Amino acid sequence: MDEQDPREDLIETVFRNGTVTTVGILLAFSLGFITHWAANPIPWQSYHLVAVLPILAGIALQMRALSLLLDIKSLQRRVYERANRIFIAGLIFTACGVGLAILLDFFDIATKSALPGAG
């Protein structure tokens with residue numbers, strides 16, 4: 001039998017609180033980006049879904065990570081590490097979506113400014 005002290009598998013509360021703060025701030029930035037992009041004057045096209053879907057999936061993963069971290073069970077190392085992995089995956093999805101959104105807007109603006117008589 002494993003005679004391991006249960007306290008060894010716990011993380012410090014202060015450390016977890018810092019992680020919760022970080023996740024909350026980055027989630028707010030992600031939500032702010034999607035809100036700002038939705039208000040963009042460039043009309044939405046169906047190809048924008050290529051960027052929107054990873055952003056929304058990333059936001060959902062970040063929200064899941066935050067909900068896991070807010071639970072008292074997140075003081076257990078395995079729960080905390082799982083929440084961190086979910087958060088990092090969400091951050092990667094969101095960053096890829098944001099990059100795609102920037103590229104799509106750039107190409108949309110470049111295409112419109114290249115039209116004859118548009119300048």
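Q: How much space lies in the largest cavity?
A: In this predicted model, the largest cavity holds about 30 Å³ of space.

Q: And how many cavities of 30 Å³ or more does a search of the whole structure find?
A: The search finds one.

Q: Which residues line the largest cavity?
A: Its lining consists of W37, N40, I42, P43, W44, H48 and D105. By type, these divide into four nonpolar residues, two polar and one charged.

Q: Turning to the helices, at what angle do α1 and α2 pack?
A: Helix α1, residues 13–38, packs against helix α2, residues 49–70, at about 155°. Their axes are 10 Å apart.

Q: What does that make α1 relative to α2, roughly parallel or roughly antiparallel?
A: The angle makes α1 roughly antiparallel to α2, because angles over 145 degrees count as such.

Q: Is the crossing left-handed or right-handed?
A: The crossing of α1 past α2 is left-handed.

Q: Which residues meet there?
A: From α1, the contributors include V20, L27, F33 and W37. Among their counterparts in α2 are V52, I55, M63 and L70.

Q: How do the residues of that contact divide into nonpolar, polar and charged?
A: The contact of α1 with α2 has 17 nonpolar residues, four polar and one charged.

Terms used: Residues numbered from 1 in each chain as written. Predicted model: local features only at pLDDT ≥ 70, side-chain atom pairs only at ≥ 80, totals over all residues. Heavy atoms only, no water. Axes fitted to C-alpha atoms, helices over the stretch in contact; angles between N-to-C directions. Helix = DSSP H or I, 4+ residues; strand = E, 2+ residues; numbered from the N terminus. Parallel < 35°, antiparallel > 145°, perpendicular 65-115°, else oblique. Left-handed = near helix turned anticlockwise from the far one by under 90°. Contact = heavy atoms within 4.5 Å. Nonpolar A, V, L, I, M, F, W, Y, C, P; charged D, E, K, R; others polar. 1 Å grid on protein atoms, 1.4 Å probe; cavity = no way out; pocket = protein on both sides within 12 Å on 5 of 7 lines; lining within 4 Å. Points joined across faces, edges and corners; volume = space filled by probe spheres on them.
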